[in-house]
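Here is a short briefing on one protein model. Please keep the sequence and structure open while reading.

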Amino acid sequence: MTSPETLLAALTPLLAAESRAEAAAAGVEPGDLEQAVWLRLLERLSADDAPERPADWLRRAVRAEARRARRTSGRERPYHGEAPPDARHEPPGPEGSALTAERRRTLRAAVTRTPGRCPRLLDAMLDPADPTYREIAGTLGISQGSLGPMRSRCLGCLRRMLAAEVPAPGRRGRVRGTDR
């Protein structure tokens, strides 16, 4: 059995070439693929599960990481604060601003109608200063560990309230047989 250092030195050029070949199609940087595959290999080596044919394993691992990167990149979206108007399907300009303001008013009004300590918790979570869980728990006088379950219950309540206020999309236009 070869030492891990020897194995890593022997596989480095192959991994670099395979990563460069797969990275563009996966939409990731070659270095990211290399790092992910090295991590997988080191995990196997630390578990005394060294691959019998390291070069073949490495090629398969690079392709597997590239597939994983393609799958996750389709679901991941960057967060840049407020979404641009076109991402919310709102017209830009005054109309979009009015719709955003109305949505915020509706949300704030629903928050005030939630039961118990939910209004204070949700107000703290909607605070533009973006306080940490520790700061919110300190403000509310509760333990940080109970904040998650409480937040979950309050958001569920808020979700149900808002769902009841927003009419479900229905059929539009005339219904056949009733309009003549």
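The model is predicted.

**Overall fold**
- The protein chain has seven helices and zero strands.
- Its pattern along the sequence is α-α-α-α-α-α-α.
- Of the 180 residues, 26% are buried.
- Among contacts with a separation of 6 or more, 53% join residues 24 or more positions apart.

**Helix packing**
- Helix 4 (residues 94-112) packs with helix 5 (residues 118-126) at about 150 degrees, and the axes lie 8 Å apart.
- The two helices, helix 4 and helix 5, are therefore roughly antiparallel.
- Helix 4 contributes Leu107, Arg108, Val111 and Thr112 to the contact, while helix 5 contributes Pro119, Leu122, Asp123 and Leu126.
- By class, this contact has five nonpolar, one polar and two charged residues.

**Salt bridges**
- The count is nine salt bridges.
- Glutamate 65 pairs with arginine 40 at 3.2 Å, N to O.
- Glutamate 65 is buried at 8% relative accessibility, whereas arginine 40 is partly exposed at 30%.
- Glutamate 65 also meets arginine 68 in a salt bridge at 3.0 Å, N to O.
- Glutamate 65 and arginine 68 are three residues apart in helix 3, so about one helical turn separates them.
- Arginine 68 is partly exposed at 36%.
- Salt bridges with shared partners join Glu18, Glu22, Arg53, Asp56, Arg59 and Arg63 into one network.

How values were computed
Residues are numbered from 1 along each chain as its sequence is written. This is a predicted model: local features need pLDDT of at least 70, side-chain atom pairs count only at pLDDT 80 or more; totals for chains, interfaces and linings use all residues. Side-chain values use heavy atoms; hydrogens and water are left out. Axes are lines fitted to C-alpha atoms, for helices over the stretch in contact, and angles run from 0 to 180 degrees between N-to-C directions. Helices (H or I, at least four residues) and strands (E, at least two) are DSSP runs, numbered from the N terminus. Angles under 35 degrees count as roughly parallel, over 145 as roughly antiparallel, 65 to 115 as roughly perpendicular and the rest as oblique. Contact means heavy atoms within 4.5 Å. Ala, Val, Leu, Ile, Met, Phe, Trp, Tyr, Cys and Pro count as nonpolar, Asp, Glu, Lys and Arg as charged, and the others, Gly among them, as polar. Buried means under 20% relative accessible area, exposed over 50%, partly exposed in between (1.4 Å probe, protein chains only). A salt bridge is a side-chain nitrogen of Lys or Arg within 4 Å of a carboxyl oxygen of Asp or Glu.
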